[in-house]
Amino acid sequence: MKKNLIWMFLAVISGLALGKLTFDKYENKDVVKASATMNVYMIKYGTYASVDEMKAKIIEVNKYMYIEKDKSVSAYVGVVLNKNNANKVARIYNNVTLEKVSIDNEAFMECLKEYEKLLDVTDDKNSILIIEKQVINKYEELVVQSE
């Protein structure tokens, strides 16, 4: 009887120790520290001489954003974290280019990580377009308005 109690006590203690070890390992795996500046891929639809020219030529895209620099206007249809998802978005459009840029906005990066999880699990064109529309809205809300 004493031997059985000792073995049961050891089994419970070792089970607790292994359970804690496993739980701690799982919990730390999901935590990702965001740095102040992170690199993202922006999917460039095209570069134009003026905003008016861009608006006249981009008629098939529902949602896009544009950045004016050096007397030109670049239109973007998506922002993603990894190249695999960038290629998923790029396959929807013809003749787009991937541009790697740094973004220094922690709130936007947290939102982008959540949208990236959705992009990881879908290959549906409509779902990808909806996700990227939301990403562009968040970019305009959190990055453009904060500048």
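Helix α5 lies across strands β1, β2, β3 and β4 and runs at about 115 degrees to β3. Here helices (H or I, at least four residues) and strands (E, at least two) are DSSP runs, numbered from the N terminus. Axes are lines fitted to C-alpha atoms, for helices over the stretch in contact, and angles run from 0 to 180 degrees between N-to-C directions. The model is predicted: local features need pLDDT of at least 70 and side-chain atom pairs count only at pLDDT 80 or more, while totals for chains, interfaces and linings use all residues. Residues are numbered from 1 along each chain as its sequence is written, and side-chain values use heavy atoms, with hydrogens and water left out.

The four strands form an open sheet in the order β2-β3-β1-β4, with antiparallel pairing. Two strands pair if DSSP finds at least two bridges between them. β2 (65-69) and β4 stand at the edges with a single partner strand each, so one side of each has no neighbour in the sheet. On average, neighbouring strands are turned by 45 degrees against each other, direction ignored. Seven bridges join β1 to β3, and seven join β1 to β4. Between β2 and β3 there are five bridges, and Met65 stands opposite Tyr76 in β3.

Strand β1 is largely enclosed by the rest of the structure, because nine of its 11 residues are buried. Buried means under 20% relative accessible area, exposed over 50%, and partly exposed in between (1.4 Å probe, protein chains only). Met42 stands opposite Val79 in β3 and opposite Glu99 in β4. Leaving aside neighbours within four places in sequence, Met42 is in contact (heavy atoms within 4.5 Å) with residues including Met65, Ile67, Tyr76, Val101 and Tyr139.

The axes of α4 (residues 106-120) and α5 (residues 125-144) come within 10 Å and cross at roughly 180 degrees. This makes α4 roughly antiparallel to α5, the term used for angles over 145 degrees. Among the residues that meet are Phe108, Cys111 and Tyr115 in α4, and Ile131, Val135 and Tyr139 in α5. By class, this contact has 13 nonpolar, one polar and two charged residues. Ala, Val, Leu, Ile, Met, Phe, Trp, Tyr, Cys and Pro count as nonpolar, Asp, Glu, Lys and Arg as charged, and the others, Gly among them, as polar.

Phe108, in helix α4, is buried, with a relative accessible area of 1%. Not counting residues up to four places away in sequence, Phe108 touches Val79, Ile103, Val135, Lys138, Tyr139, Leu142 and Val143.

The loop between β2 and β3 contains Asp70 and Lys71. Most residues other than glycine have a negative phi. Asp70, however, has a positive phi of about 50 degrees, and phi of Lys71 is near 60 degrees. Asp70 counts as exposed at 73% relative accessibility, as does Lys71 at 81%.

Methods:
Parallel < 35°, antiparallel > 145°, perpendicular 65-115°, else oblique.
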